[in-house]
Amino acid sequence: GLNVAIPNKSKSIKDYQNVYNDIAEKIREEDEFDNYIGYGPILVRIAWHSSGTFDKNNMTGGSFGGTMRFKKEINDPSNAGLKQADEFLAPIYKKHSWISHGDLYTLAGVTAVQEAQGPKIPWRPGRVDQPENTTPENGRLPDATGDSSYVRNYFGRFGFNDTEIVALIGAHCLGKTHLENSGFEGPWGAASNVFSNEFFVNLLNENWKLQKNAAGNEQYDSPKGYMMLPADFALRQDNKFLKLVKAYANDQDLFFNDFAKAYVKLLESGIHFPADQKPFIFKTLDEQE
Ligand code: HEM
Ligand SMILES: NC(=O)CCn1cnc2ccccc21
């Protein structure tokens, strides 16, 4: 059924900014993680994967219940590598255990985008931890080998349109694929921890070659050592997606605005918030110097 947010009346934006700051400082502190990419990208991924189990057809899954904390969900093969994000957040939860896990995972994803110089992501608390038996079954996250109709159909389960789909996948400007996690590898070039429209610029401008990687999976590789998943490349292979890819490659502000809106919609999928609950917009560490 529909999940109704229950904001903690005793907590203000100050309390949540403190959690944001602890996450942001820990990201800065532990900068050597994953060959100096840092924890930002996998915090974005755990926020997306905890939300990405939502299914509007039966109103199950999504970020509300914080079920990523349970073995069944974190051990989903689609979540390979995300235990490191969960372990990163454990001391944050220990210090602020008044927060729900659903709010913590999504707030971490907001913090990571903003601290990577990305757009401001308005965020609302009120997710309530649900018991282990509400954990959705494995297999609700997308397949990296999908084509454009697979991708459009997959995100249709959330009610996302083409603009929201292309904008969201632009988060692949962050981090990298790891053979041991997903069976895809790269980029060998400097994977980025700065949020930008580079994913779209590379997708359009690089000289891509489809080839088998060391795990025997096909991926697109470029002479500069960049890579794209088949599901990434699918955005070039559909006219409506391609139009959006070009728009974002040529206008980073447009990408930032559309990404912020779609990311909020993703992180809040399946949740009803009180009409009068205004979102919080957090300051970055740099803005609080
Ligand atoms: C068609 C949809 C998508 C597919 C098939 C997909 C697939 C993947 C795969 C296979 C990886 C590599 C994981 C690893 O090997 O460590 C990855 C990483 C990542 N994904 Fe996606 N993804 C999709 C959509 C999204 C969305 C909507 C977001 C966020 C809004 C996102 C954010 C990320 C980030 C930040 C990483 C890098 C993680 C790291 O550096 O460890 N992805 N994705
Ligand atoms: N800069 C790169 O070539 C890596 C970009 N990239 C493409 N698809 C991706 C999927 C996840 C993380 C980074 C990804």
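A helix here is a DSSP run of H or I with at least four residues, and helices are numbered from the N terminus. The model is predicted. Keep both points in mind as you work through the exercises.

**Exercise 1. The shell around ligand 1**

Task: Find which helix gives the largest share of the shell around ligand 1, and describe the shell by class.

Solution: 
- Step 1. Start with the count. Ligand 1 has 20 residues around it. The closest are H172, K176, H178, N181 and S182.
- Step 2. Look for polar pairs. The side chain of W48 has an N or O atom 3.2 Å from a nitrogen atom of ligand 1. K176 uses its backbone: a polar atom there is 2.9 Å from an oxygen atom of the ligand. For H178, a polar side-chain atom lies 2.7 Å from an oxygen atom of ligand 1.
- Step 3. Pick the top contributor. With four residues, α3 gives the largest share.
- Step 4. Sort by class. The shell has eleven nonpolar, six polar and three charged residues.

**Exercise 2. The surroundings of ligand 2**

Task: List the residues that surround ligand 2, then locate polar pairs with H172, M227 and D232.

Solution: 
- Step 1. Read off the neighbors. They are H172, L174, G175, K176, T177, P187, F199, Y226, M227, M228 and D232.
- Step 2. Take the backbone pairs. A polar backbone atom of H172 is 3.4 Å from a nitrogen atom of ligand 2. In M227, a polar backbone atom is 2.9 Å from an oxygen atom of the ligand.
- Step 3. Take the side-chain pair. D232 places a polar side-chain atom 2.7 Å from a nitrogen atom of ligand 2.

**Exercise 3. How α3 meets α6**

Task: Work out how α3 is oriented relative to α6, and name the residues that meet.

Solution: 
- Step 1. Get the geometry. The two axes come within 8 Å and cross at roughly 140 degrees.
- Step 2. Classify the angle. It makes α3 oblique to α6, because only angles over 145 count as roughly antiparallel.
- Step 3. Name the contacts. From α3 come G40, L43, V44, I46, A47, S50 and S51. From α6 come Y105, T106, A108, G109, A112 and V113.
- Step 4. Sort by class. The contact has eight nonpolar, five polar and no charged residues.

**Exercise 4. How α6 meets α13**

Solution: 
- Step 1. Get the geometry. Helix α6 (residues 101-115) and helix α13 (residues 252-267) have axes that come within 11 Å and cross at roughly 165 degrees.
- Step 2. Name the contacts. T106, G109, V110 and V113 of α6 touch F259, Y263 and L267 of α13.
- Step 3. Sort by class. Five residues are nonpolar, two are polar and none is charged.

**Exercise 5. How α12 meets α13**

Task: Describe the contact between α12 and α13.

Solution: 
- Step 1. Get the geometry. The axes of helix α12 (residues 239-250) and α13 come within 5 Å and cross at roughly 115 degrees.
- Step 2. Name the contacts. Helix α12 supplies A247, Y248 and N250, and α13 supplies Q252, L254, F255 and D258.
- Step 3. Sort by class. There are four nonpolar, two polar and one charged residues.

Methods:
Residues are numbered from 1 along each chain as its sequence is written. Chains are lettered from A and ligands numbered from 1 in the order in which they are written. This is a predicted model: local features need pLDDT of at least 70, side-chain atom pairs count only at pLDDT 80 or more; totals for chains, interfaces and linings use all residues. Side-chain values use heavy atoms; hydrogens and water are left out. Axes are lines fitted to C-alpha atoms, for helices over the stretch in contact, and angles run from 0 to 180 degrees between N-to-C directions. Helices (H or I, at least four residues) and strands (E, at least two) are DSSP runs, numbered from the N terminus. Contact means heavy atoms within 4.5 Å. Ala, Val, Leu, Ile, Met, Phe, Trp, Tyr, Cys and Pro count as nonpolar, Asp, Glu, Lys and Arg as charged, and the others, Gly among them, as polar. A residue is near a molecule or strand if one of its heavy atoms lies within 4 Å of it. A polar contact is a pair of N or O atoms within 3.5 Å; within protein, one must be able to donate a hydrogen and the other to accept it, and residues adjacent in sequence count only if both atoms are side-chain atoms. Angles under 35 degrees count as roughly parallel, over 145 as roughly antiparallel, 65 to 115 as roughly perpendicular and the rest as oblique.
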